[in-house]
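Subject: Structure handover and notes

Dear colleague,

Please find below the structure I promised to pass on, with my notes after it. I would be glad if you read the notes with the model open beside them.

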Amino acid sequence: MRITTWIAAAGLALLAVFVPATASWAQPAQCPQGSANCVDASATVGSMLTMSLATTSFNFGSGQPGTTLGGFAQNGPTAVEYSVTTNDAKGYTVTVAATNFSSAIPATDLTTENGLLGGQMSSPIAITGAGQPVTLTTTSAPSGDGGDGLVSAWELALPGNAPAGTYGTQLTYTAIGN
């Protein structure tokens, strides 16, 4: 975005104009181009993209081999709340990657649903492999003021031969501008 401010010395009039950087602008009649009585000031707005996670950890609980833990509830114990803020006119994409729990419980046993907080969730999205990012959401416009509040809720399908024990994985969320 280009911000142009003209100050006309004779009348001390101030005109602030906000135009896209690609747009052309004709100077007002009271301030002709090249006039010694005019000041041209401009500013460049840089691109910005941030992500913050409101959830830092969760526990699937415990279960027997062959059962599914967790659930797709937005406010459930396996829900990860996060927000994305960007001024990118083309929007953003959020991906997530997971590590294996162990050789007996691979990352591919994880499934998530994703959506806007308070909105409809996506169809289930399966992790395709350890360290392999999968797309949670893609937008085609900047985020709303204060960012877009999002949530992903997780399920873990325990293999029928999963050995007893306590296991953990790491979920890595990434946001990139489009």
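Phe58 counts as partly exposed, at 25% relative accessibility, where buried stands for under 20% relative accessible area, exposed for over 50% and partly exposed for what lies in between, with a 1.4 Å probe and protein chains only. Phe60, by contrast, is buried, with a relative accessible area of 15%. A search of the whole structure finds 3 aromatic pairs, and Phe58 and Phe60 make an edge-to-face pair, because their ring centres are 5.1 Å apart and their planes stand at 75°. (Rings of Phe, Tyr and Trp, the last by its six-membered ring, pair if their centres lie within 6.5 Å; planes under 30 degrees apart count as stacked, over 60 as edge-to-face and the rest as tilted.) Together with Phe101, Phe58 and Phe60 form one aromatic cluster.

Before going further, please bear in mind that this is a predicted model, in which local features need pLDDT of at least 70 and side-chain atom pairs count only at pLDDT 80 or more, whereas totals for chains, interfaces and linings use all residues. Residues are numbered from 1 along each chain as its sequence is written, and side-chain values use heavy atoms, with hydrogens and water left out.

As to the chain overall, the protein chain has 0 helices and 12 strands, these being DSSP runs numbered from the N terminus (helices are H or I, at least four residues; strands are E, at least two). Of its 178 residues, 33% count as buried. Among contacts (heavy atoms within 4.5 Å) between residues at least 6 apart in sequence, 75% join residues at least 24 apart. The protein chain exposes about 10100 Å², of which carbon and sulfur atoms supply 53%, by the Shrake-Rupley method with a 1.4 Å probe, where for residues only the protein chains shown count as cover.

Strand β7 (residues 92–98) deserves a careful look, since 7 of its 7 residues are buried. In a regular strand the side chains alternate between the two faces of the sheet. In β7 both faces are covered, with Tyr92, Val94, Val96 and Ala98 buried on one side and Thr93, Thr95 and Ala97 buried on the other. Strand β7 is joined to β12 (residues 171–177) by 7 bridges, and the two run antiparallel; two strands pair if DSSP finds at least two bridges between them. Within that pairing, Val94 has Ala175 of β12 as its bridge partner. Strand β7 also runs antiparallel to β10, with 4 bridges between them, and here Thr93 is partnered by Thr138.

The largest nonpolar core has 24 residues, among which Val94, Leu110, Ile127, Trp154 and Tyr173 touch the most other members. (Such a core is a set of buried Ala, Val, Leu, Ile, Met, Phe, Trp, Tyr and Cys residues joined through side-chain atoms within 4.5 Å.) Strands β6 (79–86), β7, β10, β11 and β12 each supply at least two residues of this core, and the largest share, 4 residues, comes from β7. Asn114, in strand β8 (residues 110–116), counts as buried at 4% relative accessibility, and its side chain makes a polar contact with the side chain of Tyr82 at 2.8 Å. (A polar contact is a pair of N or O atoms within 3.5 Å; within protein, one must be able to donate a hydrogen and the other to accept it, and residues adjacent in sequence count only if both atoms are side-chain atoms.) Ser143 lies in the loop between β10 (134–138) and β11 (148–157) and is buried as well, with a relative accessible area of 12%. The side chain of Ser143 reaches the backbone nitrogen of Thr86 at 2.9 Å, and the residues that Ser143 touches, not counting those up to four places away in sequence, include Val84, Tyr92 and Asp148.

Ser122, in the loop between β8 and β9 (125–126), is partly exposed, with a relative accessible area of 24%. Apart from neighbours within four places in sequence, Ser122 is in contact with Glu113 and Asn114.

With best regards
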